[in-house]
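Please keep the sequence and the model in view while reading.

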Amino acid sequence: MTKLVFTCRRFSISTKCFLRYCLLLTNLWTVQTFAQPNIVIILADDLGWNDVSYHGSEIRTPNLDALAAEGVVLNQFHAQPICTPTRTALMTGKSPQRFGIYQPFTKHTDVGLPAEEVTLADRLQAAGYQTWLVGKWHLGFRQQKFHPNGRGFEHFYGNLTGGIGYWDHVHGGGHDWQRNGNVVREDGYTTHLLADEARTLIRQRKTDQPFFLYLSFNTPHLPNEAPEETIASYSSIDDRFRRIHAAMVTEMDTAIGQVIETLKSEDQIENTLIWFMSDNGGLNLKSQSRSGLVSLAQNLEEWFEPPVPVKILELIRTNTLEGGSDNGSLRFGKGSVYEGGTRVPSLAYWPGVIPAHHAKGVVTVQDVLPTLLAAIGDPIPTDLDGGDRLGILTNHPAKPPRDYVTRDLLGMQAYYQWPWKLIKDEEIAELYNLDEDPYEQNDLSTQEPQRVAQMTRLLDRLPRKPSIHAPFYRSLFDPDLFGGAEDRQPWAELTEWEE
């Protein structure tokens with residue numbers, strides 16, 4: 001017996017290879033396995049805390065619910081308050097303020113995520129992954145070097161700019177729908193088109209390599225547009241903007257379900273890590289009493305029959321009054337450094353590796369890159385702001401979370417030194433203990449002056465660069481409207497800024 005075991009061990013590798021060869025020859029070897037999992041990041045756009053049914057929402061998200069039931073629900077996942085900064089942190093593992101990125105890139109922004117920065121796609125491609133971006137980029141488009149195909153993605157299908165019309169695929173007067181640099185004009189609702197592209201890529205993948213799919217939905221960012229039959233299914237919701245918003249989220253959930261079914265049919269689901277998150281909190285400014293824009297927007301509706309004839313005023317009106325998100329009991333929403341703007345729905349699913357549980361540990365968007373590198377066994381660079389949080393996902397002990405900073409459009413910052421959160425600008429300093437006060441109702445700054453002073457000093461020392469954004473006055477005369485008539489070249493054809 002001892003000799004037999006020794007013999008089997010001695011020839012185990014060659015025996016395994018021989019058996020695989022025989023199975024291939026007889027066409028019985030059907031399941032592809034890799035030492036590295038496939039990775040699917042699904043990013044929603046402006047999804048509120050109470051916009052998924054596994055958080056108790058009236059919005060139906062059965063496919064996300066199923067992933068949540070079988071994976072980890074990240075109850076303390078924090079993004080940035082707005083889209084481009086979150087996408088910067090996701091792609092780099094670093095704070096966006098390092099690059100002077102504090103706002104969404106408008107169509108007037110000539111630059112992008114610094115070209116010398118190594119992205120998540122770059123790192124996974126170097127590790128042997130096929131890399132695909134399907135959906136919204138929003139990290140630079142005026143020069144080819146800022147496009148996804150120049151940032152580690154071998155395949156890109158979707159839009160370069162911010163919010164686009166779901167049917168007309170237009171942003172700020174320019175058609176913004178392409179495949180690998182070539183303008184694509186096709187009929188269809190963007191959520192459906194993105195799901196179709198993702199499923200095609202999975203089916204046509206190279207079977208000897210793992211893949212990284214970054215599925216970046218426009219949903220449920222404005223404009224409020226969805227198929228009529230899905231809107232009608234939410235007739236019980238009185239608010240018409242919430243009703244359309246709910247339909248948009250359900251359409252996204254259906255698309256996610258279709259991608260999951262494709263992974264199953266291709267025998268890939270067991271070897272795939274799926275990570276879902278929103279890029280910031282939901283948009284519903286009319287529920288934020290602090291916003292003076294609400295009164296202005298309501299006056300505009302009284303003075304004019306929408307759409308308002310002045311474009312920038314129409315943009316203010318729609319962004320202020322038409323957001324249909326619900327951030328639950330979290331304070332404020334999109335654009336705010338309070339929890340409603342940064343604490344967002346997130347979950348991760350990886351069969352056999354991630355057990356079903358609700359995680360209390362903190363994970364931020366800049367932790368995603370190092371956590372994924374840890375998951376595939378790649379070395380983690382030492383210059384990142386984010387850290388490896390794989391232990392949180394797998395329900396094992398993890399290191400304490402790293403400090404984290406967010407910033408809103410007007411310069412107000414939030415500095416997290418868990419569980420403490422300092423909110424600071426030139427006029428105010430507020431301090432909250434999020435473990436005891438997750439809804440930020442009890443300001444402790446006067447009771448903890450030394451902590452406020454210490455955190456302020458640390459916040460002031462963090463590396464940051466001046467803003468690289470285009471000046472706001474340019475948007476006053478030519479704003480980034482979502483959808484509408486075309487009045488210029490498609491964005492993929494604008495090459496006059498290339499070097």
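Does leucine 296 count as buried, partly exposed or exposed?

The model is a predicted one. Leucine 296 has a relative accessibility of 31% and therefore counts as partly exposed, since that class lies between the 20% limit for buried residues and the 50% limit for exposed ones. The residue is part of helix H9, which covers residues 293-303.

Leu296 also belongs to a nonpolar surface patch, together with Leu293, Trp303 and Phe304. The accessible area of these residues together is about 370 Å².

## Helix H12

Helix H12 spans residues 368-376, and eight of its nine residues are buried, so the rest of the structure largely encloses this helix. Its buried residues are Val368, Leu369, Pro370, Thr371, Leu372, Leu373, Ala375 and Ile376.

Just after H12 comes glycine 377, whose phi is positive, at about 80 degrees.

## Tyrosine 415

Strand S14, residues 413-417, contains tyrosine 415. With a relative accessible area of 3%, tyrosine 415 is buried, because the limit for that class is under 20%.

Leaving aside residues up to four places away in sequence, tyrosine 415 touches several others, including Tyr404, Val405, Trp420, Met455 and Leu462. Asp403 is also among its contacts, and the side chains of tyrosine 415 and aspartate 403 are joined by a polar contact of 2.6 Å. Leucine 384 lies 31 residues from tyrosine 415 along the chain, and their C-alpha atoms are 17 Å apart.

Note on methods
Residues are numbered from 1 along each chain as its sequence is written. This is a predicted model: local features need pLDDT of at least 70, side-chain atom pairs count only at pLDDT 80 or more; totals for chains, interfaces and linings use all residues. Side-chain values use heavy atoms; hydrogens and water are left out. Patches are made of residues with over 30% relative accessible area and no salt bridge: like charges are joined within 9 Å, nonpolar side chains (Val, Leu, Ile, Met, Phe, Trp, Tyr) within 5 Å. Accessible areas come from the Shrake-Rupley method with a 1.4 Å probe; for residues, only the protein chains shown count as cover. A salt bridge is a side-chain nitrogen of Lys or Arg within 4 Å of a carboxyl oxygen of Asp or Glu. Helices (H or I, at least four residues) and strands (E, at least two) are DSSP runs, numbered from the N terminus. Buried means under 20% relative accessible area, exposed over 50%, partly exposed in between (1.4 Å probe, protein chains only). Contact means heavy atoms within 4.5 Å. A polar contact is a pair of N or O atoms within 3.5 Å; within protein, one must be able to donate a hydrogen and the other to accept it, and residues adjacent in sequence count only if both atoms are side-chain atoms.
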